[in-house]
Amino acid sequence: MTAETHLQGVEISAAQFFEIWHHYDSDGNGYMDGKELQNFIQELQQARKKAGLDLTPEMKAFVDQYGKATDGKIGIVELAQVLPTEENFLLFFRCQQLKSSEDFMQTWRKYDSDHSGFIDSEELKSFLKDLLQKANKQIEDSKLTEYTEIMLRMFDANNDGKLELTELARLLPVQENFLIKFQGVKMCAKEFNKAFEMYDQDGNGYIDENELDALLKDLCEKNKKELDINNLATYKKSIMALSDGGKLYRAELSLILCAEEN
């Protein structure tokens, strides 16, 4: 079955949702925009009509919002709100715990308990289980394992079997995912280490809130196309959620500002 065929379904399974997302996010950048988004909208309308189904109210509102928007952009969260997806799977995207970047960062700190810089399959499984429990939903362990595997397939962009901060951040609505903006300002390891030492003015091995403020102001000035200085407080608050009692260590800040080196 093709992704277009799945769009005809009254309810879409987690696996089918993944196939639809993978098909329309053709460049794999973590969101649909431009031609990708317009193709999805057009084929959604055609598929529903072919199946003899009207657009749901959610679909109609979505088409009205993005159908003619040349600058529209949606992530996995927005797609999950539109498609009639299996209930439990949808809960992962609707959980109130992930309403903002700050909430997301605090969640990351909790589940990346070993501070490795990534979440492995067992940590991800615990993360999903807790989300379901918060929604008062219980599912069989086999189903939870299935969801874990699908989430890895969906978010693991470099196929290393674990999720990095920027990969799991796709659980956030596009407008809340400030990490998308930081993708364009990441530094190589040498540049990052030099910057960290420059802004760690007292040389104590970590950056406090004031030192981070200075670093972010300079980044905003140098990268005005990607970063908006008017959002400085939001950037700072979200990044400091990674800190240890107000101490932002090199390893945590590198998750935001240091690019992977091949």
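**Salt bridges and helix burial in the predicted model**

A salt bridge (a side-chain nitrogen of Lys or Arg within 4 Å of a carboxyl oxygen of Asp or Glu) joins glutamate 221 and lysine 224, with an N to O distance of 3.7 Å. Glutamate 221 is partly exposed at 46% relative accessibility, whereas lysine 224 is exposed at 60%; buried denotes under 20% relative accessible area, exposed over 50%, and partly exposed in between (1.4 Å probe, protein chains only). Salt bridges with shared partners also link Asp213, Lys217 and Lys236 into one network.

The structure is a predicted model, in which local features need pLDDT of at least 70, side-chain atom pairs count only at pLDDT 80 or more, and totals for chains, interfaces and linings use all residues. Residues are numbered from 1 along each chain as its sequence is written, and side-chain values use heavy atoms, with hydrogens and water left out.

Seven salt bridges are found in the whole structure. In the pair formed by aspartate 213 and lysine 236, N and O are 3.1 Å apart. Aspartate 213 belongs to helix α13 (residues 209-222) and lysine 236 to helix α14 (residues 232-240), so this contact ties together parts 23 residues apart in sequence; helices are DSSP runs (H or I, at least four residues), numbered from the N terminus. Both aspartate 213 and lysine 236 are buried.

Lysine 125 pairs with aspartate 141 in a further salt bridge, the closest N and O atoms lying 3.2 Å apart. Lysine 125 is buried at 16% relative accessibility, while aspartate 141 is partly exposed at 49%.

Note on methods
Helices (H or I, at least four residues) and strands (E, at least two) are DSSP runs, numbered from the N terminus.
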